[in-house]
Amino acid sequence: MNKVKDLLKTIKSIRFTKWQKMIFLIALIGLIVSAPYIITDNYILHIVILCSIYACLTLSLNMIIGWSGQFSLGHVCLYGMGAYITTLLMTQTGMNFFPATILSTAFTSGFAMLLCLPTLKLRGDYLAVITLGFGEVFRLFLTNSVSITRGPAGIPNIPDPVIFGYVISSKQAYFYFVALIVILFVVFMKRFNNSGFGMAMIVVNEDDIAATALGINVKKYKLLGFALGGGMAAFMGSFYAVYMGMISPTSFAYAESIKMVSMVVLGGIGSIPGSILGAVLLTALPEVLRAFSEYRMVIYGALMVVMMIFRPEGIWSRSSRMLNEYKIKAFENYKKK
Amino acid sequence: MNTIIETKEVTIKFGGLVAVDSVNLVQKKGEVLSLIGPNGAGKTTLFNLLTGVYKCTSGNIFFDHNKITDLKAHERTRLGIARTFQNIRLIKSMTVLENVLVAHPDCQNESLLKSVLSPGKANKKRREVVDECMELLKIVGLEEMESEMATSLPYGKQRLLEIARGLATKPKLLLLDEPGAGMNNFEKEELTDVIHYITQEMKVTVLIIEHDMKFVMGISDRIIVLDHGQKIAEGTPAEIQTNPRVIEAYLGSGEFKDEEDK
Ligand SMILES: Nc1ncnc2c1ncn2[C@@H]1O[C@H](COP(=O)(O)OP(=O)(O)O)[C@@H](O)[C@H]1O
Ligand SMILES: [Mg+2]
């Protein structure tokens, strides 16, 4: 364990120069562009896309759990809400994917705040129960409001997104699209994490009494944390809908919420690389271990218990975040002058 | 006229226990006021009432002549009341510098949109904030430890860091809850210098809870003594030392004597 810690510390202390960053960026772009040509198997490409979707979802849930410090077990409700609203707007009104997604993301953000409002005063464990319940209510709503959601049958034939006249329909195109989303999400989270706003949220998460003593409005940050996380989840829900081409309530069952929480906890609460790691591990591993699929839940459970005992903060914990980044960013361009 | 903080008959009850009982307190701007009393006298609870962590059961609090009884804790900080904690509450996952940065209003108010969409634009302001916070770290002598993790510092230094953090909120009044606890004599002298600097150069009024009598008598203009939630005495250090009620309260708990023995 100590060796792991030392290794993480070394990784943490590495700082890249502008040139190294540039080369890394070019390599990354090269990798992404060439990936669909290397991965010719559509099934594997599908798994890669799923990993990306879950990476973003884990980031969005981590925003709520890891940054704003609220243990939500109903994330699937926000994810599903985004998927359904976008789908309904696209199929009922013929709206294009992008405006529909903006609307559904905004609406879900607002709804997330409403969901958070009455729970602000509750202790973490009560909040978990309430959000869990809400996820179930939402699924029942999807199943039973047949006139709106078509019930258990789901909504098929969701149109593909169109951007500047180009229709995103092939697996390859979807791969590029999701890769772009992952990059946007990671850049957003990184900048958020090192901003004054993000640092204030870390304070709220760690110690709300200290936060108020520093003039931080705890409620505001909890609400905004839920709103941001909810919006991000809704965005991914929208992507999922157009990618799959059909959605149904079974995609948004409570096991999905648990899966996302597992990804957050396994990867690292409040950690960006951790979120991606957790999502990729728990999406890819079950595929690799197809033969043992009956034992999947048992393996999940055992993994969680082992993590809780040996590394409760996750594989890549929050403490491996870049330190003093706010200052370093502030002085980056300054030294040259 | 130049009162910074005033309480009128402030009371708080926890179930049957009256932790603070009809306390009247007036502090003038620039005056160094100390709050002493045996353990469990209600000193920390009074701080929690002043800063809004607890709501008064009855009574009123005025800051700069404005009633703040119903304001929330973070609103009171914004008005200019900062504090340190008896049981240190630094942010564990942050460095020394970051702990001070997050207390700075301009850091907290940095627009999320700006820092996400064009971080370059946010940098000019950030530079000013960092410079200001480094100045504060210099005042408490921690500027060289800016990139250490806050909780890896020794106890005494953590208390100094809490002071710097309190100052970063740009307070008019700074409440120090046992700032000298866990410090050796040398560190306490440093602390005295820091407090003098804060009151004289930065024009921030301080209200101190402290157990070390030598320290209290040396630094205070005036002292208020609490016992069982009630104010039992008030006066200059000389008056307090000879006040029979104070001696009785402390003899009862045996603390006063201990301190003198040391
Ligand atoms: N939140 C609380 N709930 C119940 N009792 C409390 C609470 N906070 C403080 N007290 C009680 O109030 C009394 C005064 O405590 P405190 O203000 O911490 O004393 P001190 O003068 O040593 O700082 C103690 O008896 C303590 O147990
Ligand atoms: Mg106390």
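How many bridges join strand E6 of chain B to E7(B), and do the two run parallel or antiparallel? Select residues 81-83 of chain B for E6. Three bridges link this strand to E7(B), and the pair runs parallel. Keep in mind that this is a predicted model.

**Stop 1: strand E7 of chain B.** Select residues 173-177 of chain B. Five of the five residues here are buried, so E7(B) is largely enclosed by the rest of the structure. Show the side chains. Leu173(B), Leu175(B) and Asp177(B) point one way. Leu174(B) and Leu176(B) point the other way.

**Stop 2: the partners of E7(B).** Within E8(B), Thr205(B) is the bridge partner of Leu173(B). Next, trace the chain from E7(B) to E8(B): the path goes through helix H8 of chain B, residues 185-200. This β-α-β crossover is right-handed.

**Stop 3: a surface patch on chain A.** Move to chain A and select Leu25(A), Leu28(A), Ile29(A), Val33(A), Ile183(A) and Val187(A). Together they make a nonpolar surface patch of about 460 Å². Color helix H2 (18-38) and helix H8 (171-193) of chain A; each supplies at least two residues of the patch. H2(A) gives the most, with four residues.

How values were computed:
Residues numbered from 1 in each chain as written. Chains lettered and ligands numbered in written order. Predicted model: local features only at pLDDT ≥ 70, side-chain atom pairs only at ≥ 80, totals over all residues. Heavy atoms only, no water. Patch = residues over 30% accessible without salt bridge, like charges linked within 9 Å, V, L, I, M, F, W, Y side chains within 5 Å. Areas by Shrake-Rupley, 256 points an atom, 1.4 Å probe, with all protein chains shown as cover. Salt bridge = Lys/Arg side-chain N within 4 Å of Asp/Glu carboxyl O. Buried < 20%, exposed > 50% of the residue type's maximum accessible area, 1.4 Å probe, protein only. Pairing = 2+ DSSP bridges. Right-handed = clockwise from strand over helix to strand, strands pointing away.
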